Amino acid sequence: MTRRNFIGTAVAALAHPLVLTRAATTDSFEIGLVADAQYADVPPTGTRFYRESVSRLGAAVDHFNGRNLAFCAHLGDLIDRSWDSFDAIERPLANSRHRWHHVLGNHDFDVLETYKPRVPGRLGVPQRYRFFEYREFVFVILDTNDVSTYAHVAGSPEQLAAQAELSRLQAARAPQAKPWNGGIGPTQLAWLDQRCREARAAGRKVVIFAHHPVFPAGGHTTWNAPEVLALIGRHPNIVAWLNGHNHAGAFATHEGVPFVTLHGMVETANTSAFATAQLLPDRMLITGHGREPSRELIFRA
């Protein structure tokens, strides 16, 4: 399929009527969202069409360039494997007129051991977890690969500790005890707790970007998802969690917080998946393209 075909597919995708009829207001803004482009120069495997991700991401960038967006975010797994894959998949991003924020994904670390410490820098990520403010929102970007067997050099203390944690979870038969998942370490959790406290004191809402989901529970969730959910419950100003990782997508609410897993762009032969999201003071309106559905996310008070 050509780049033009993908553009046509993306633009022609139907959006939910409630999103289309909601007019932009002076207190709203819009962002672009993509998850799991997962490019590699390899033949398709099952439902994954790795080489097509360059044209698919290019089509999404073209669409985003036609809109007045505050920024764009890719929610992890820009590549599927190999350090050289970054060169090809970053070419369409070079044509973007918007700033991109990258979330680290598990496949981004599927490179030779010597390259693993260089992955964040290759993606232009200043810190593995971080935050930025935009209007009345604080956007927190988490590193759900913090405690993992793949994101640290083999034999390092971090990798060995992660392997021990995975073995413990597997012994307990936890559904998320998979080697492609990871956890959020105690230092990062304490940092998140403090950021949310500061945001609440400033009257700001918090939107979280991550690669792994924490809800609903399943084989793709973060290793310590219950602990993360407990923290979210302590901060009523956390109003949404957006992630990738599970290419099938998902949506659920927990204690009034919407959790959205975006569909993987790499999936299927003839369609793409990406979205724009309009943020208003009390809700987020997601307009999906291709396989990504449109949704209205109501923020808790």
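**Salt bridges in a predicted model**

Glu165 and Arg168 are 3 residues apart in helix H6 (residues 157-171), so about one helical turn separates them. Helices (H or I, at least four residues) and strands (E, at least two) are DSSP runs, numbered from the N terminus. This is a predicted model, in which local features need pLDDT of at least 70 and side-chain atom pairs count only at pLDDT 80 or more, while totals for chains, interfaces and linings use all residues. Residues are numbered from 1 along each chain as its sequence is written, and side-chain values use heavy atoms, leaving out hydrogens and water.

Student: What is the N to O distance in the salt bridge of Glu165 and Arg168?

Tutor: A salt bridge is a side-chain nitrogen of Lys or Arg within 4 Å of a carboxyl oxygen of Asp or Glu. The side chains of Glu165 and Arg168 meet in this way, with an N to O distance of 2.8 Å.

Student: Is Glu30 buried or exposed?

Tutor: Buried means under 20% relative accessible area, exposed over 50%, and partly exposed in between (1.4 Å probe, protein chains only). The relative accessible area of Glu30 is 15%, so Glu30 is buried.

Student: How many residues apart in sequence are the parts that Glu30 and Arg67 tie together?

Tutor: The side chains of Glu30 and Arg67 meet in a salt bridge. Glu30 lies in strand S1 (residues 29-34) and Arg67 in the loop between helix H3 (53-65) and strand S2 (72-74), so the parts tied together are apart in sequence by 37 residues.

Student: Which residue is linked with Asp87 and Glu90 in a network of salt bridges?

Tutor: A search of the whole structure finds 14 salt bridges. In one network of salt bridges, Asp87 and Glu90 are linked with Arg122.
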